[in-house]
Amino acid sequence: MSSSSPNNNNNNNSNNNNASSSLPPNYRKTNISQPGPNDILCGRGGGTNAHSGNIKFRKLVAAHKLRYLAASKSDKPGVARDVVREWRAMDPPGRFLAKSGGAGDPPSSAAGVGGVAGGGVVGGKGK
């Protein structure tokens, strides 16, 4: 989960780049040893579900749920991007973290996501 593949179409790349570039340049995106309060831990189970960032993110998604459900198929990705923009605009910025090593390793990299769909994470195709 370190970078997008060269086979992604241009539309996905531009969405991912826009989502990633909204983080401040000095805000760490790799080798993160301690997730922050606005970080989302990607994964399953109690450890990720109970993390404060995951709880806040679920509340944010719930706040946009009716708008998403009412949106047309072509407008749904825009609602998802709005959720990601709002999350990344927090102080400190919200990140989507994925473990990069074994099961015992801490989360260490920010996943680049651009919309809301697959994998339980906004974007479906993260980095």
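Arg67, Asp82 and Arg85 are linked in a network of salt bridges, a salt bridge being a side-chain nitrogen of Lys or Arg within 4 Å of a carboxyl oxygen of Asp or Glu. The model is a predicted one, in which local features need pLDDT of at least 70 and side-chain atom pairs count only at pLDDT 80 or more, while totals for chains, interfaces and linings use all residues. Residues are numbered from 1 along each chain as its sequence is written, and side-chain values use heavy atoms, with hydrogens and water left out.

Let's take the network apart. Aspartate 82 forms a salt bridge with arginine 67, and the closest N and O atoms of this pair are 2.4 Å apart. Because aspartate 82 lies in helix 4 and arginine 67 in helix 3, the pair ties together parts that are 15 residues apart in sequence. Helices here are DSSP runs of H or I with at least four residues, strands are runs of E with at least two, and both are numbered from the N terminus. Aspartate 82 also forms a salt bridge with arginine 85, with 3.0 Å between the closest N and O atoms. Aspartate 82 and arginine 85 both lie in helix 4, three residues apart, or about one turn of the helix. An α-helix has 3.6 residues a turn, so residues three or four places apart point the same way.

How exposed are these residues? Relative accessible area, taken with a 1.4 Å probe and protein chains only, sorts residues into buried (under 20%), exposed (over 50%) and partly exposed (in between). Aspartate 82 is partly exposed, at 26%, and arginine 67 is partly exposed too, at 41%. Arginine 85 counts as exposed, with 51% relative accessibility.

A search of the whole structure finds three salt bridges. One of them joins arginine 95 to aspartate 39, whose closest N and O atoms are 2.6 Å apart. This pair links distant parts of the chain, since arginine 95 is in strand 2 and aspartate 39 is in strand 1 (residues 39–41), 56 residues apart. Arginine 95 counts as buried because its relative accessibility is 5%, and aspartate 39 counts as buried at 0%.

Now let's turn to the nonpolar side of the fold. A nonpolar core is a set of buried Ala, Val, Leu, Ile, Met, Phe, Trp, Tyr and Cys residues joined through side-chain atoms within 4.5 Å. The largest such core has seven residues: Ile40, Phe57, Leu60, Val83, Val84, Trp87 and Phe96. Helix 3 (52–70) and helix 4 (76–88) are the elements that give two or more residues to this core, and helix 4 provides the largest share, three residues.

Helix 4 deserves a look of its own. Its buried residues are Lys76, Val79, Ala80, Val83, Val84, Trp87 and Arg88.

Which rings are linked into a cluster by ring pairs? They are those of Phe57, Trp87 and Phe96. Rings of Phe, Tyr and Trp (its six-membered ring) pair if their centres lie within 6.5 Å, and planes under 30 degrees apart count as stacked, over 60 as edge-to-face and the rest as tilted. The structure holds two aromatic pairs. Phenylalanine 57 and tryptophan 87 have ring centres 5.3 Å apart and planes at 75 degrees, so the pair is edge-to-face. Phenylalanine 57 lies in helix 3 and tryptophan 87 in helix 4, so this pair ties together parts that are 30 residues apart in sequence. Phenylalanine 57 also forms an edge-to-face pair with phenylalanine 96, at 5.5 Å centre to centre and 90 degrees between the planes. With phenylalanine 96 in strand 2 (residues 95–99), that pair ties helix 3 to a part 39 residues apart in sequence. Phenylalanine 57 is buried, with a relative accessible area of 8%, and phenylalanine 96 is buried at 0%.

Two further side chains round out the tour. Histidine 64 lies in helix 3 and is buried, with a relative accessible area of 14%. Not counting residues up to four places away in sequence, histidine 64 touches Val79, Val83 and Glu86, where contact means heavy atoms within 4.5 Å. Lysine 76 lies over the face of tyrosine 68, at 4.4 Å from the ring centre; a charge sits over a ring if NZ of Lys or CZ of Arg is within 6 Å of the ring centre and within 35 degrees of the ring normal.
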